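This report describes a predicted model. It takes up the pocket, the overall fold and the helix contacts in turn.

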Amino acid sequence: MVQQLINTLPPYGKIILYKLYIQDQTESEVARQLQMSQQAVNKWKRKMIQKLSQTANS
C-alpha cells in the first residue's frame, strides 16, 4: 500500500522524499545535489507529504 501511495507522486517528489527519509539526508544536502534552494526542497517535501495524506485518506 505504501508503494502504491508513493507511485502517485511526481518523479521529483519521489526523489526528494527518498533522499530525505530513506537516505536520511538533510534538506541542505538534497538541495545541493539537485541544484535547488533548501527552501524549494522544503516546499516540495511539504507538498508531497500533503499529497500522500490526501491520497491515503480518499
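## Largest pocket

The largest pocket holds about 180 Å³ of space. Its lining is formed by Ile6, Leu9, Lys14, Leu17, Tyr18, Tyr21, Ile22 and Leu52. Helix 2 supplies the largest share of that lining, with 5 residues.

Sorted by class, the lining of the largest pocket has 7 nonpolar residues, no polar residues and 1 charged residue. Lys14 is among the lining residues, and lysine counts as charged.

## Overall fold

The secondary structure of the protein consists of 4 helices and 0 strands. Along the sequence this gives the pattern α-α-α-α. The radius of gyration is 11 Å, close to the 10 Å that the globule rule gives for 58 residues, so the protein is as compact as a globular protein of that length.

The C-alpha trace of the protein spans about 35 × 20 × 15 Å along its principal axes.

## Helix 2 against helix 4

Helix 2 covers residues 11–22 and helix 4 covers residues 38–56. The two pack at an angle of about 100°, and their axes lie 9 Å apart. Helix 2 is therefore roughly perpendicular to helix 4, since angles of 65 to 115 degrees are classed that way.

On the helix 2 side, the contact involves Tyr12, Gly13, Ile16, Leu17, Leu20 and Tyr21. These meet Val41, Trp44, Lys45, Met48, Ile49 and Leu52 in helix 4. By class, the residues of this contact divide into 10 nonpolar, 1 polar and 1 charged.

## Helix 3 against helix 4

Helix 3 runs over residues 27–34. Its axis and that of helix 4 come within 8 Å and cross at roughly 105°.

Helix 3 contributes Glu27, Ser28, Val30 and Ala31 to the contact, and helix 4 contributes Gln38, Val41, Asn42 and Lys45. The residues of the contact of helix 3 with helix 4 divide into 3 nonpolar, 3 polar and 2 charged.

Technical notes
Residues numbered from 1 in each chain as written. Predicted model: local features only at pLDDT ≥ 70, side-chain atom pairs only at ≥ 80, totals over all residues. Heavy atoms only, no water. Axes fitted to C-alpha atoms, helices over the stretch in contact; angles between N-to-C directions. Parallel < 35°, antiparallel > 145°, perpendicular 65-115°, else oblique. Contact = heavy atoms within 4.5 Å. 1 Å grid on protein atoms, 1.4 Å probe; cavity = no way out; pocket = protein on both sides within 12 Å on 5 of 7 lines; lining within 4 Å. Points joined across faces, edges and corners; volume = space filled by probe spheres on them. Rg over C-alpha atoms; globule rule 2.2 N^0.38 Å.
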